[in-house]
Amino acid sequence: MTDGWVKLHRNIADNPVFHDAHLFKIFTWCVIRANASNQTKEVYGSKVKKGEFVTGKLSASAELHMKPSTVYDRLKKLEAMKATTNVGCEETIDHMGKKQ
């Protein structure tokens with residue numbers, strides 16, 4: 001799920017996500033990691049639909065070079081902002097079609 005490219009619209013600067021460097025990094029990472037295909041894919045035994053990806057705070061923190069608590073706190077903040085939804089270790093980018 002690391003093929004291809006993503007678009008970044010200029011209006012991201014008006015979004016509260018943009019004003020917290022860690023939050024913006026994690027949000028951008030979520031968009032990059034999410035399945036962009038219309039086809040469901042199997043990842044670690046989970047069926048991953050468009051806009052979803054599987055992660056854990058330890059693997060995410062290693063990939064992002066951040067403390068696990070920072071990753072966890074920011075993912076929870078993204079959920080509170082309705083930017084993502086978490087079910088177990090599966091994250092969903094809400095409104096993936098609008099963000100892509």
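A nonpolar core is a set of buried Ala, Val, Leu, Ile, Met, Phe, Trp, Tyr and Cys residues that are joined through side-chain atoms within 4.5 Å. In this predicted model, the largest such core has 16 residues, and those with the most contacts inside it are Ile26, Leu64, Val71 and Leu78. Helices α1, α2 (57–64) and α3 (68–80) each supply at least two residues of this core, and its largest share, six residues, comes from α1.

**Helix α1**

- Helix α1 runs over residues 21–33, and its 13 residues reach 18 Å from the first C-alpha to the last, which is close to the 18 Å expected at 1.5 Å a residue.
- At the start of α1, the backbone nitrogen of histidine 22 has a side-chain oxygen of aspartate 20 within 3.1 Å.
- Leu23, Ile26, Phe27, Trp29, Cys30 and Val31 are the buried residues of this helix.
- An α-helix has 3.6 residues a turn, so residues three or four places apart point the same way.

**Surroundings of valine 71**

- Valine 71 is one of the residues with the most contacts inside the largest nonpolar core, and, once its neighbours within four places in sequence are left aside, it is in contact with Ile26, Lys57, Ala60, Ser61, Leu64 and Met66.
- Among these partners, Ile26 and Leu64 are themselves listed with the most contacts inside the core.

**Loop residues with positive phi**

- Most residues other than glycine have a negative phi.
- Histidine 65 counts as exposed because its relative accessibility is 72%, where the cut-off for exposed is over 50%.
- Lysine 82, which lies in the loop between α3 and β4 (84–87), likewise is a residue other than glycine with a positive phi, in this case near 65 degrees.
- With a relative accessible area of 61%, lysine 82 is therefore exposed.

**Glycine 51**

- Glycine 51 is found in the loop between β2 (46–48) and β3 (52–54).
- Despite its place in a loop, glycine 51 counts as buried because its relative accessibility is 0%, with under 20% as the cut-off for buried.
- Glycine 51 and alanine 34 are 17 residues apart in sequence, while their C-alpha atoms are 5.1 Å apart in space.

Note on methods:
Residues numbered from 1 in each chain as written. Predicted model: local features only at pLDDT ≥ 70, side-chain atom pairs only at ≥ 80, totals over all residues. Heavy atoms only, no water. Helix = DSSP H or I, 4+ residues; strand = E, 2+ residues; numbered from the N terminus. Expected span 1.5 Å × (residues − 1). Buried < 20%, exposed > 50% of the residue type's maximum accessible area, 1.4 Å probe, protein only. Polar contact = N/O pair within 3.5 Å; in protein donor to acceptor, adjacent residues only side chain to side chain. Contact = heavy atoms within 4.5 Å.
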